[in-house]
Every structure is written in C-alpha cells, then in structure tokens.
Amino acid sequence: MSTRVLIVCNAAVLPEWDLESDAERAVALTVAAVRDHLDAAGFQVERLDIGRDLEASVADVALRRPDVIFNLFEGLGDDPASEARAARALESLAVPMTGSSARTLRLAGSKNLAKAALAAAGLPTPKALHIADLSFEPCGLKWPVIVKPALYHGSIGIEQASIATTSSQLARRVEYLLGRYRGPVLVEEFIFGREFTVSVIESPRRVALPAMEFEFVDAGCSLWPLVTYEAKWRPDSCEYQATPVRHGAPMTPTLKRRLNALALQAFRELGCRGYARVDFRVDALGRPWILEVNPNPDLSPIACLAGALTAAGLDYAEFIVSLARGPVACRDNGIDALARDALAFAMAIESKL
C-alpha cells in the first residue's frame with residue numbers, strides 16, 4: 001500500500017488587487033511542483049488549503065488519516081503568526097510532518113526574537129532596535145538604518161523607502177509600518193556589501209549548499225542595494241532587474257567556510273529541521289552578518305533553495321521525495337524501503353559536497 005501524503009498550504013485570503021497578494025499566491029507553484037514529484041514517486045497525494053478556520057482544517061486532516069503531512073503552509077497573507085499556529089495544531093495530531101517545528105517557526109517568525117537568539121549564541125547580526133509604538137529613540141544606531149515589519153517574511157514591507165538616513169525619515173517609516181502591519185517594527189543598521197543566501201538541508205547530517213548571491217547591478221533605477229518586495233516578486237520591475245541571483249557565486253575559500261559554518265550554527269541554534277535558508281550581508285571588511293533565518297523557505301523549482309541544489313549537482317525532484325520519505329523513515333526506525341531510499345539520497349549528497 002502506497003504512503004498517503006497530505007500537502008497542506010495556505011489559502012489565498014488577500015484580494016487579487018492587494019499589492020502583497022503575489023507572495024501569498026506563489027505557493028500554488030510550489031504545491032504543483034511538489035505534488036507532481038510525489039505522484040511520480042508513487043505516493044498517494046492529496047492537498048488541503050488551510051484558511052481562517054484552523055480548527056476545521058485540523059479536523060479535516062485527522063479524518064483523512066495521512067501517513068505524512070507535507071507542510072507548505074506559509075501563513076495567511078494578513079496573519080503571519082498563523083504559520084506557527086497551524087504547525088502547532090498539526091503537531092497535535094502526532095502525524096509525521098516535513099519541515100521545522102511550531103516552536104522554531106514562531107522563533108524565526110519574530111525577527112527580534114530570532115536576532116536575540118542568534119546574538120545569545122555569539123553569532124554576528126546587525127545592531128538593531130525593536131519598536132512597538134511611536135515613543136522610541138534610535139539608541140546609538142549608525143545611519144543609514146533599514147526599517148522592517150518584525151513579524152513578516154518574504155520581503156513584505158521592504159521597499160526603497162525602508163532605508164532611513166535621518167531621524168525624521170525613520171519616524172515616518174516606523175509610523176507607516178506600525179499602521180500598515182499592525183505589529184512591531186525592527187530597525188537595523190544597514191550593512192553595505194554583498195548579499196548571500198545559504199541553504200541548509202539535513203541528509204540526515206546537516207549540509208550547507210553552495211551560496212547564492214543577490215547581485216546589485218546598475219539598472220538605471222538609482223536604487224539602494226536592497227532585496228525589496230518588488231525585487232523578489234515582480235519580474236517586470238526595475239528593482240527585480242537590478243538584483244539578479246548568481247548561482248555558484250565567486251568567493252574566497254575563507255569566506256565560503258565562514259558562511260557555511262555560520263549557516264549551520266544558525267540552523268542549529270534556532271532548531272530548524274529538514275531544510276532552511278540563512279541570509280547574509282558581507283561588509284567591506286569581509287565580515288558576514290546574519291540578516292535572517294528562514295525555516296521552511298520557498299520550495300518552488302525557481303527559488304533559491306532549488307537553485308542551490310542544482311549548483312551542488314543534486315536533483316530537485318529527489319530532494320522533494322526525500323522530504324516526504326524522511327518522516328516515515330524516522331517513524332519506522334530506518335528499517336524499511338523508504339528509509340533506504342532516504343539514506344541513498346543522503347549518500348548522494350555526501351559524495352557531491
């Protein structure tokens with residue numbers, strides 16, 4: 001009897017005209033790709049979109065009795081905290097599930113909590129200020145600073161106006177974000193330099209994949225060197241054209257070792273599981289700074305993690321299948337065919353990295 005896999009993902013709750021609906025609806029591409037590869041591998045695959053009625057969705061999952069939950073739920077477009085809530089509710093069913101735990105998703109989903117955890121572990125992250133209301137002082141931060149919604153990911157709320165060089169600019173941006181996103185704001189010293197992202201996977205040993213670099217090129221836009229929402233989600237925008245992604249970015253062996261070591265340590269410190277992505281800036285002195293840790297990052301075939309797999313000579317489809325097989329292999333103590341297949345993929349990784 002084939003293994004039953006239930007793909008859970010977020011329902012689209014934002015109207016199509018909403019400027020940030022692109023990020024919410026992008027999960028459809030990932031779901032389609034994951035389902036195709038799991039179908040081809042012989043799994044019985046179903047899909048469930050989770051909306052605002054989480055209790056009903058969890059009850060639906062329980063009725064379907066899957067062997068594995070493939071978690072592609074990234075949070076509702078207007079409720080980022082729903083990502084961790086959904087994971088916690090699904091964990092209550094005691095069904096093997098791909099990706100990180102609810103605890104890790106909650107920790108990483110709050111930028112100020114994640115930065116505190118990284119700093120406590122001695123990992124380099126830019127100096128920052130957490131703001132919950134309009135009564136604040138920059139507290140010695142160096143200009144320029146970048147102002148971000150503390151609870152959102154996917155570059156939501158990040159645009160050229162996110163960079164402030166004066167107190168008045170900072171105050172205006174903070175006021176805007178507090179009103180727009182109804183949550184705290186993170187103000188962080190802006191690090192000039194190269195931007196990298198390093199994906200980490202468990203095979204089952206943790207492995208850092210080749211770094212991908214967001215290049216900042218002159219596209220005639222007069223832009224801050226920044227990966228904005230438009231740069232990530234709007235291919236027809238000038239900002240997208242100004243930030244191409246380079247696979248197999250050139251770097252010194254020393255920088256490569258440092259980025260890999262920091263990514264692996266950040267993965268461990270935040271309790272990530274299965275796969276994650278760690279974003280960096282490297283300053284003019286060659287020092288890496290961790291900007292963000294992304295558990296359960298975008299798994300679409302055009303995302304950075306897929307590109308990193310390709311750069312490592314690994315097969316995207318095999319990785320997707322290994323994620324679904326991994327929880328079953330763990331549950332069965334590694335003695336069945338699924339465990340052997342997961343081990344075979346692990347050995348392929350070890351031979352290529």
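**Exercise 1.** In this predicted model, find which residue of strand 2 is the bridge partner of Arg4, and then work out how strand 1 and strand 2 pair.

*Solution.* Begin with Arg4, whose bridge partner in strand 2 is Gln44. Next, widen the view to strand 1, which covers residues 4–10 and pairs with strand 2 in the parallel sense over seven bridges.

**Exercise 2.** Determine the order of the three strands in the open sheet, and name the edge strands.

*Solution.* Reading across the sheet, the strands follow the order 2-1-3, and their pairing is parallel. The edge strands, each of which pairs on one side only, are strand 2 (44–50) and strand 3 (68–72). From one strand to the next, the twist averages 25°.

**Exercise 3.** Describe how helix 3 and helix 4 cross, and classify the residues that make their contact.

*Solution.* First locate helix 3 at residues 54–64 and helix 4 at residues 82–91, whose axes come within 10 Å and cross at roughly 35°. The crossing in which helix 3 passes helix 4 is right-handed. Then list the residues in contact, which are Leu54, Val58 and Val61 from helix 3, together with Arg85, Ala86, Ala89 and Leu90 from helix 4. Sorting these residues by class gives six nonpolar, no polar and one charged; Arg counts as charged, whereas Ala, Val and Leu count as nonpolar.

Key: Residues numbered from 1 in each chain as written. Predicted model: local features only at pLDDT ≥ 70, side-chain atom pairs only at ≥ 80, totals over all residues. Heavy atoms only, no water. Pairing = 2+ DSSP bridges. Helix = DSSP H or I, 4+ residues; strand = E, 2+ residues; numbered from the N terminus. Axes fitted to C-alpha atoms, helices over the stretch in contact; angles between N-to-C directions. Left-handed = near helix turned anticlockwise from the far one by under 90°. Contact = heavy atoms within 4.5 Å.
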